[in-house]
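Have the viewer open and follow along.

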Amino acid sequence: MTGESMAQAATRGYLPVGDEDYADHLNGNTAEAGLPNGRRWRQAFPELFGRSLHKVLDKATADLTAAFTTLGRADRLPQLVVFPTRSHEVSAHYEPKPDNTGLVVLSDSLVTLCSIYCRHVGQAMFALADTSSFAKFFLRMAIAQLRGTMGGDPARLAVLLRHHHINRRALGAATAVATRQDMGDRDSFSHHDFADLYLMPAIRFFLGHEMAHHVLGHRTECAQSPEQESQADLLALQAGALAYANDVKPDVSSVRLVREQWLDDAGEFYGLVASVIAMLAVQSLEDALMIRRGRTHLPARDRAARLIELFLSDDRIREHERALGRQDATFRRRIESERVGFEALTGSLMVATEKAADFGESAHEFDWTGLSAAEVVMSSGMDLSESVRLDQLLSRPSEELAALLAHGPLCGGALHAGVGDTRRAMREWGVPEEVIDNAHDRSTGLAYYTIVDHISIAGGHGQMGAELNEQPLVAATLVARQLAATGEP
């Protein structure tokens, strides 16, 4: 096409997301997977689920562009293309092109995962704040901090994340679950308002991080440098904080007691919490849904520690007071209180993320009791009890999984997979040679569902449908364990 940039042309290599609103997108995923279509989701999710993912990202891109402009960093943004995708091998990444254009590709699963985190935190914060008694509020805060549940019960969040991961591994589509708590009254102040406080800033952060790679002129397709990653994180947080302040200033401009500096401080704190949510969503997707992450992001704990060092450390207090020429007790109290609040809010989120993403042979120890099936109102994928059953099946030792295939259509490759000869196993299962080569290329990412899909198609199983055909899932688990451990045999 005449006038098409290399970044625009590169979008054709990814599965697009449709223009329907995100609630309908989730229902469409369900229908494509052959499962019963659920009711509409809007009441259970933040407001942006009533808009298409394209519109959500367009709004976030515009907000960030204005912020980058304020920061004097907008000169390269006209050459940037942002593209949401359903492709399985992608979380969020930036691709620089020789014509100086750039492509940012974002998985639809990231929005779903961010929503899971934000709804969870929103419910926890609403439970603390839902009282007119200051004494009761501070007592609840103290108890939550002591228990490590300021950001919500980590066991419950781990189940919500695990359910999403199992569905994506089995069905290859972004899915979500709505609980009774999610179905609150949207006409009143509720946990939805707290969830909305974090969701758009979280989306802005993972989008802003990839945009920042383009703005800063980073040339690697997936940043391999910890220094480049930190630079992109810092610029994304600064831009997100400005965007947050710009969001709320019109609403409070008539309130004289609200100072502009307070808005900037609040934008920084909420942006910092949202940035960790975004980091954890990316880590959830890459650790739980990909056998091999390829060249991609640093662990969320490392990235968060770097931002804490920059924004909430004693070094920042000393730097501020040195520039001021005196001690500043107010600033010191602010940084110290934000540090405590930040660690209390995000600690449980990190614990839940790591538990939910462990799909090794020890995963049979995963605790599904954090959320009862009776609390689930609807799911855009398989129901919670089916996720539990499938998870427990696929968490068995490799020799037991090989035995499950011994008398089925995939028995030919089961023995080879069990002893680590993944190439021969995949050939026995009819997987094309070019796909086998790609699966053994350690420089690229590899999604779990990619193997499921190819084994299913090659073996003539077709789409799994409502009655899950477990043979390709079991076979993919055997291969995935070997590839994750040894790579090229």
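## Helix packing and a few loop residues

At 31% relative accessibility, Val351 counts as partly exposed, where buried means under 20% relative accessible area, exposed means over 50% and partly exposed lies in between (1.4 Å probe, protein chains only). Val351 lies in helix 12. Leaving aside residues up to four places away in sequence, Val351 touches Pro154 and Arg301, with contact meaning heavy atoms within 4.5 Å. The C-alpha atoms of Val351 and Leu157 are separated by 9.5 Å, although the two residues are 194 apart along the chain.

A word on the ground rules: this is a predicted model, in which local features need pLDDT of at least 70 and side-chain atom pairs count only at pLDDT 80 or more, while totals for chains, interfaces and linings use all residues. Residues are numbered from 1 along each chain as its sequence is written, and side-chain values use heavy atoms, with hydrogens and water left out.

For the overall picture, the protein has 19 helices and seven strands. Helices (H or I, at least four residues) and strands (E, at least two) are DSSP runs, numbered from the N terminus. Of the 489 residues, 55% count as buried. Among contacts between residues at least 6 apart in sequence, 75% join residues at least 24 apart.

Two packed helices are described by the angle between their axes and the distance between the axes. Here the axes are lines fitted to C-alpha atoms, for helices over the stretch in contact, and angles run from 0 to 180 degrees between N-to-C directions.

| Helix pair | Axis distance | Angle |
|---|---|---|
| helix 6 and helix 12 | 8 Å | about 40 degrees |
| helix 6 and helix 13 | within 10 Å | roughly 75 degrees |
| helix 11 and helix 12 | within 10 Å | roughly 165 degrees |

Helix 6 and helix 12 pack at about 40 degrees, and that makes helix 6 oblique to helix 12. As for the terms, angles under 35 degrees count as roughly parallel, over 145 as roughly antiparallel, 65 to 115 as roughly perpendicular and the rest as oblique. Helix 6 contributes Pro154, Leu157, Ala158, Leu161, Arg162 and His165 to the contact, and helix 12 contributes Ser348, Leu349, Val351, Ala352, Thr353, Lys355 and Ala356. By class, this contact has eight nonpolar, three polar and two charged residues. Ala, Val, Leu, Ile, Met, Phe, Trp, Tyr, Cys and Pro count as nonpolar, Asp, Glu, Lys and Arg as charged, and the others, Gly among them, as polar.

Next, the axes of helix 6 (residues 154-171) and helix 13 (residues 384-394) cross at roughly 75 degrees, which makes helix 6 roughly perpendicular to helix 13. Val159, Arg162, His163, Ile166, Asn167 and Ala170 of helix 6 meet Leu384, Ser387, Leu390 and Asp391 of helix 13. The class count for this contact is five nonpolar, three polar and two charged residues.

What is the angle between helix 11 (residues 314-324) and helix 12 (residues 329-356)? The two axes cross at roughly 165 degrees, and that makes helix 11 roughly antiparallel to helix 12. Their crossing is right-handed. The contact is formed by Asp314, Arg316, Ile317, His320 and Glu321 of helix 11 with Phe331, Arg332, Arg334, Ile335, Glu336 and Arg339 of helix 12. Its classes come to three nonpolar, one polar and seven charged residues.

Between helix 11 and helix 12, the loop holds Gln327, which is exposed with a relative accessible area of 64%. The C-alpha atoms of Gln327 and Ile317, ten residues apart along the chain, are separated by 9.0 Å.

Most residues other than glycine have a negative phi. Asn100 has a positive phi of about 70 degrees although it is not a glycine. Asn100 sits in the loop between strand 2 (92-96) and strand 3 (102-107) and, at 45% relative accessibility, counts as partly exposed.

Finally, the buried residues of helix 14 (residues 398-405) are Ser398, Leu401, Ala402 and Leu405. Seen down the axis of helix 14, these buried residues fall within an arc of 100 degrees, so they line one face of the helix; the arc is that of the directions from the helix axis to the C-beta atoms.

Methods:
A crossing is left-handed if the near helix is turned anticlockwise from the far one by less than a right angle, and right-handed if clockwise.
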